[in-house]
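My notes follow, in the order in which I looked things up.

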Amino acid sequence: MMEASDAGAAGKQYLRWTYRGEPLDALLRSRPETLPLAPPAPGEVIARVEAVSICSSDIKAVRMGVDHPLLAQAENGGDTVLGHEVSLRVEEVGALQRDRFRPGQRLGLQPAMRVDGKRKTIGFDVPGGFAQYLRLDAEALNAYVFDVPEKLTAAEIALLEPYGCVERAYRPNARQELLPEGSALIVLGPNSESFDASRPLRWRRTVVVGTSEKCLPANLGSADLHVSSLAELGNETFDDIVGLGELDAGELARLPALLNEGGMLLQARLSAADPVPVDAARIHYDALSFVGTTSPDILEALAPQRQRFDVRPGGTVLVHGAGGAMGRIHVHRLLQLENGPSTVIATSRSRRRQSDLEEDFAALAQAQAKRLVVVQDTDIAAALSREAPAGLDDAVVVVPDPSAVAEAARWLAPGGLLAIFAGFAYGNPVLLDLAGVAVSDKRFTGSTGCSVDDMKDVLARVERGELDLLANLKAIGGLRQLPRALEAVDRGEVSGKIVIYPQAPEAPFRRLAANWDDRQETSMLGNRSSQAEREE
């Protein structure tokens, strides 16, 4: 095997950890592969991975194997390189990219791409950052990389993506308008005649479900197909579904499954219904939108005040599963949010992680005049009776467990927002009060990944000194220590983030007793250190 300092140019050997769906125990016994590094194609850039942060989704991918939603949909059949939270430096540039990129240029990467309307994720569909080099094609280079400053450490650049993902959870992450050029299903229930739209609506195709006696409201257009029951629809799915009137729980439960990715379910109703099972993974991964109203004008469901994504100012928010690295980022963000909640309830199963949360964030909460309440996950009910007796204003679920989502949904007050941040496999139904979206203004949202703008906004806060990403960095290691680092994340040994340095493959795994800085990092960056780059 060649040393990292010898692997600095295309055509040399490099190390990477190839993942082929094996379980965690097998991965922990494996070794990295040594492969030739081919030159870039004309439209490509080869980038050196200076740092890569371990994400909880990397652990979920290993736990779930090819059942993981992103691996199950990947075109490479699950043969990939994980790792998507990276700091990159351009190594070699293809002929068609030389007007924009140059060797030595430093880049950040947003890995969750959309290509031809389909998800394409670096670290899943495309080999990712658990390697010394990463190959970026024109699709990634056109819209998903951006310049980053030399004054930040590589670890900070790698942490922009997880912090950006948390930021995305509180921004509009689902469609907020009906899709006129899309397909629509309109389901008519009792009292459907009480509702109409304040302006004419038109879809490319409109299917109506209801008895022939029920007339479609005037401004909802005309039916291309009229059927008497949902059972007659076959396998057809829709961009928009509009439920008018008092649909019962059985009818309501069938509607989310009929939505296309990015679809919207709009309810107009006057009374509650029982909670219904919803595949919560579809809210997280497929960006489903749920809106509703009791107004005679169904378009009131789209009013901005009924489509809240961020937490309620001055409210009480639950971070369910706050002890892990991503949960800690949520806590960090909420405590520093200028118009954020007054109380943050943070749960964890681990007593040690609870202590870490208090040690790391209690002073910040005090400085921001906010309350941080850290509780064992088994003690949540008692904590809520003290802190939110009328119910939660907001809840974010970071635990990859459908039962945790169902719990948090039950604790919402009217008008409460539930953000499903943790991802888990499709096909796990969770009971949600979908009728409450219309009659009590509840919100159910979910997000995965982030945008370049989300990452740039985090970067701007870091550069202004408003956010210290390294406060959440708790351990480091070289590339050969990846199994040990994954094991530490899987076992919950480290509360914060772990960063791997591929260019220092032999560096030992170690926890950090104090904040990491650029001087300490220099020796981990291979044959071109960050300090050397600054001095050029």
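Entry 1: I call a residue buried when its relative accessible area is under 20%, exposed when it is over 50%, and partly exposed in between. The model is predicted, so I kept to local features with pLDDT of at least 70. My test case was L134, which is found in strand β8 (residues 133-136). L134 has a relative accessible area of 2%, so it is buried. I then asked which residues L134 is in contact with, leaving aside its neighbours within four places in sequence. The list reads V45, I46, A47, V49, I122, P127, G128 and G129. I also checked L134 against S447: they are 313 residues apart in sequence, and their C-alpha atoms are 26 Å apart in space.

**Entry 2: the nonpolar cores.** I looked up the largest nonpolar core and found 51 residues in it. The members that touch the most others are L185, L233, L255, F290, L392, L418 and F444. Helix α11 (residues 402-410) gives the most to this core, with 5 residues. Leaving aside neighbours within four places in sequence, F444 is in contact with I283, F290, A409, L412, L418, L432, D433, L434 and V437. Another core, of 49 residues, lies apart from the largest one and has L15, W17, I46 and L109 among its members.

**Entry 3: an open sheet.** I traced 6 strands in the order β12-β11-β10-β13-β14-β16, with parallel pairing. Which strands stand at the edges? They are β12 (225-227) and β16 (289-293); each has a single partner strand, so one side of each is left without a neighbour in the sheet. On average, neighbouring strands here are turned by 15 degrees against each other, direction ignored. Inside the sheet I looked at β13 (residues 238-244) and β14 (residues 259-268), which run parallel and are joined by 6 bridges. One bridge I noted has L244 with A268 of β14 as its partner.

**Entry 4: β20 and β21.** These two strands also run parallel, and 5 bridges join them. V396 stands opposite A419 in β21. I checked how covered β21 (residues 412-420) is, and 8 of its 9 residues are buried.

**Entry 5: helix α10.** In α10 (residues 380-387) I found I380, A383, L384 and E387 buried. Why do they sit on the same side of α10? Their directions cover an arc of only 100 degrees around the axis, which puts them there. On the other side of α10, A381 and R386 are exposed. I then looked for what covers the buried residues, and found that it includes β17 (316-320), β18 (343-348), β19 (371-376) and β20 (392-397).

**Entry 6: helix α14.** The buried residues in α14 (residues 482-491) are L482, P483, A485, L486, E487 and A488. They pack against α1 (24-29), α2 (56-64), β24 (473-478) and β25 (497-501). G492 follows α14, and its phi is positive, near 70 degrees.

**Entry 7: positive phi without glycine.** A reminder to myself: most residues other than glycine have a negative phi. N191 has a positive phi, near 70 degrees, and lies in the loop between β10 (183-188) and β11 (205-209). N191 is partly exposed, at 35% relative accessible area. A369 has a phi near 55 degrees, again positive. A369 lies in the loop between α9 (351-367) and β19, and with 69% relative accessibility A369 counts as exposed.

**Entry 8: cysteines.** How many disulfides does a search of the whole structure find? The count is 0. A disulfide would need two cysteine sulfur atoms within 2.5 Å. The closest cysteine sulfur to that of C55 is in C165, at 6.8 Å, so the two are too far apart for a bond. C450 is in no disulfide either, its nearest cysteine sulfur being that of C165, 4.0 Å away. I also looked up burial here: C55 is buried, at 8% relative accessible area, and C450 counts as buried at 8% relative accessibility.

Definitions and conventions:
Residues numbered from 1 in each chain as written. Predicted model: local features only at pLDDT ≥ 70, side-chain atom pairs only at ≥ 80, totals over all residues. Heavy atoms only, no water. Buried < 20%, exposed > 50% of the residue type's maximum accessible area, 1.4 Å probe, protein only. Helix = DSSP H or I, 4+ residues; strand = E, 2+ residues; numbered from the N terminus. Arc of directions from axis to C-beta. Contact = heavy atoms within 4.5 Å. Core = buried A, V, L, I, M, F, W, Y, C linked by side-chain atoms within 4.5 Å. Pairing = 2+ DSSP bridges. Axes fitted to C-alpha atoms, helices over the stretch in contact; angles between N-to-C directions.
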